[in-house]
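Subject: Structure for you to look at

Hello,

Here is the structure I promised to pass on. Please open it first, then read my notes beside it.

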Amino acid sequence: MALIEVNKVSYAYSDGSLALENVNMKIEEGEKVAILGPNGAGKSTLFHLFNGISKPKSGTITIDGLQVCKKNLVKIRQMVGMVFQDSDDQLFNSTVRQEIAYGLLNMGMSGKELEDTIAWALKVVGMTGYDDKSPHNLSGGQKKRIALASVLAMKPKVMVLDEPTAALDPRGVHKLIELLDMINKKLGITLIFATHDVDTVPLLADTVYLLDKGSIVTGGTIEEVFNQKELIRKIDLRLPRVAHLVEILKKDGAVNVDHLPLTIGQAKYVLENKNLYKKI
Ligand SMILES: Nc1ncnc2c1ncn2[C@@H]1O[C@H](COP(=O)(O)OP(=O)(O)OP(=O)(O)O)[C@@H](O)[C@H]1O
Ligand SMILES: [Mg+2]
């Protein structure tokens with residue numbers, strides 16, 4: 001049994017618009033999964049189903065064998081931590097400390113354990129010393145880190161991140177990618193993130209699902225999915241910039257590759273070796 005199973009899930013909003021149609025997915029423990037799709041594809045809608053903010057019209061979602069439904073909500077929300085696209089939707093306490101303590105206090109944590117957990121979460125996201133600051137007076141990237149810390153403090157099995165790199169500057173994106181990679185590798189947390197940032201996906205995910213108009217159009221490893229160039233372009237996305245560059249060079253006969261490189265590291269290898277491709 002996979003950690004997360006999405007089985008024939010459909011969802012319609014109250015005005016009748018069908019936002020998800022027959023979505024099927026299996027996500028294994030420890031995986032890093034990108035849900036890649038253009039605006040309006042249904043990414044946020046799907047994420048709201050993962051921790052029970054909304055309920056499917058039909059079909060089921062199970063997390064670690066437990067169905068996402070009203071009677072299991074407390075357990076589901078302990079397992080699934082949600083990081084919203086807009087940190088201002090997530091941060092509502094007057095200090096960073098209170099923000100991180102909020103969920104822990106609700107769980108009944110107190111005393112030294114509470115203090116240690118807050119300190120640990122702040123350290124993981126590189127925000128030690130910000131305890132007494134108001135979350136509202138932080139920069140966008142810092143707010144994102146505090147939102148991550150408040151979710152991490154709950155020690156979830158899965159973190160669901162809606163457009164985590166949106167609104168971050170290039171350095172902020174780079175640091176967030178490193179942080180999420182560490183959270184996945186060192187803490188063993190399964191990551192699912194929604195994005196239309198095709199350049200970030202190969203750096204962060206190992207599996208991708210392409211979502212368009214509420215349906216999964218394909219899924220697989222990064223290489224398998226990005227090899228389907230026509231499909232990606234058909235749904236108004238594009239290849240990563242480096243892949244596009246090497247595609248042009250290939251067309252001009254300058255390089256000879258079977259698979260387009262998806263990251264700068266892979267492209268460097270291809271260009272240095274002219275006719276080789278290696279997964280780096
Ligand atoms: N509250 C709502 N009521 C009615 N329809 C909605 C509502 N919220 C979203 N939709 C519709 O559902 C579809 C999926 O929206 P969703 O927000 O899940 O897309 P998304 O993939 O997250 O897009 P984006 O990349 O822009 O964040 C869209 O067609 C949208 O218009
Ligand atoms: Mg969205």
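Start with Asp-236, which is found in the loop between helices α9 (229-234) and α10 (241-251). Helices here are DSSP runs of H or I with at least four residues, strands are runs of E with at least two, and both are numbered from the N terminus. Asp-236 is not a glycine, yet its phi is positive, about 65°. Most residues other than glycine have a negative phi. Asp-236 counts as exposed because its relative accessibility is 66%. The cut-offs are these: buried is under 20% relative accessible area, exposed is over 50%, and partly exposed is in between (1.4 Å probe, protein chains only).

Some ground rules. This is a predicted model, in which local features need pLDDT of at least 70, side-chain atom pairs count only at pLDDT 80 or more, and totals for chains, interfaces and linings use all residues. Residues are numbered from 1 along each chain as its sequence is written, chains are lettered from A and ligands numbered from 1 in the order in which they are written, and side-chain values use heavy atoms, with hydrogens and water left out.

Asp-64 lies in the loop between β4 (58-63) and β5 (66-67). Asp-64 is partly exposed, because its relative accessible area is 39%.

Now the ligand. How many residues surround ligand 1? The shell has 14 residues, and the closest are Gly-40, Gly-42, Lys-43, Ser-44 and Thr-45. To count as near, a residue needs a heavy atom within 4 Å of the molecule. By type, the shell divides into four nonpolar, seven polar and three charged residues. Here Ala, Val, Leu, Ile, Met, Phe, Trp, Tyr, Cys and Pro are nonpolar, Asp, Glu, Lys and Arg are charged, and the others, Gly among them, are polar. Helix α1 (residues 43-50) gives the largest share of the shell, three residues.

- A polar side-chain atom of Thr-45 is 2.5 Å from an oxygen atom of ligand 1.
- A polar backbone atom of Ser-44 is 2.9 Å from an oxygen atom of ligand 1.
- An N or O atom in the side chain of Asn-39 is 3.0 Å from an oxygen atom of ligand 1.

On its own, ligand 1 has 640 Å² of accessible area, and the protein covers 61% of that. Such areas come from the Shrake-Rupley method with a 1.4 Å probe; for residues, only the protein chains shown count as cover. A polar contact is a pair of N or O atoms within 3.5 Å; within protein, one must be able to donate a hydrogen and the other to accept it, and residues adjacent in sequence count only if both atoms are side-chain atoms.

Next, helix α6 (residues 170-187). This helix has 18 residues. From first C-alpha to last, α6 reaches 25 Å, close to the 26 Å expected at 1.5 Å a residue. The expected span is 1.5 Å times one less than the number of residues. The buried residues of α6 are Val-173, Leu-176, Ile-177, Leu-179, Leu-180, Ile-183 and Asn-184. They pack against several elements, including β3 (32-36), α4 (111-124), α5 (140-152) and β8 (190-195). Contact means heavy atoms within 4.5 Å. Gly-188 follows α6 and has a positive phi, near 70°.

Helix α3 has its own buried set: Val-96, Glu-99, Ile-100, Ala-101, Gly-103 and Leu-104. These residues pack against α4 and α5. Just after α3, Gly-108 has a positive phi of about 95°.

Ser-150 lies in helix α5. Is Ser-150 buried or exposed? Ser-150 is buried, because its relative accessible area is 12%. Its side chain reaches the backbone oxygen of Ala-147 at 2.8 Å. Leaving aside neighbours within four places in sequence, Ser-150 is in contact with Gln-90, Glu-99 and Ile-100.

Last, Ile-4 in strand β1 (residues 4-12). Ile-4 counts as buried because its relative accessibility is 1%. Ile-4 and Thr-190 are 186 residues apart in sequence, but 9.8 Å apart in space, C-alpha to C-alpha.

Best wishes
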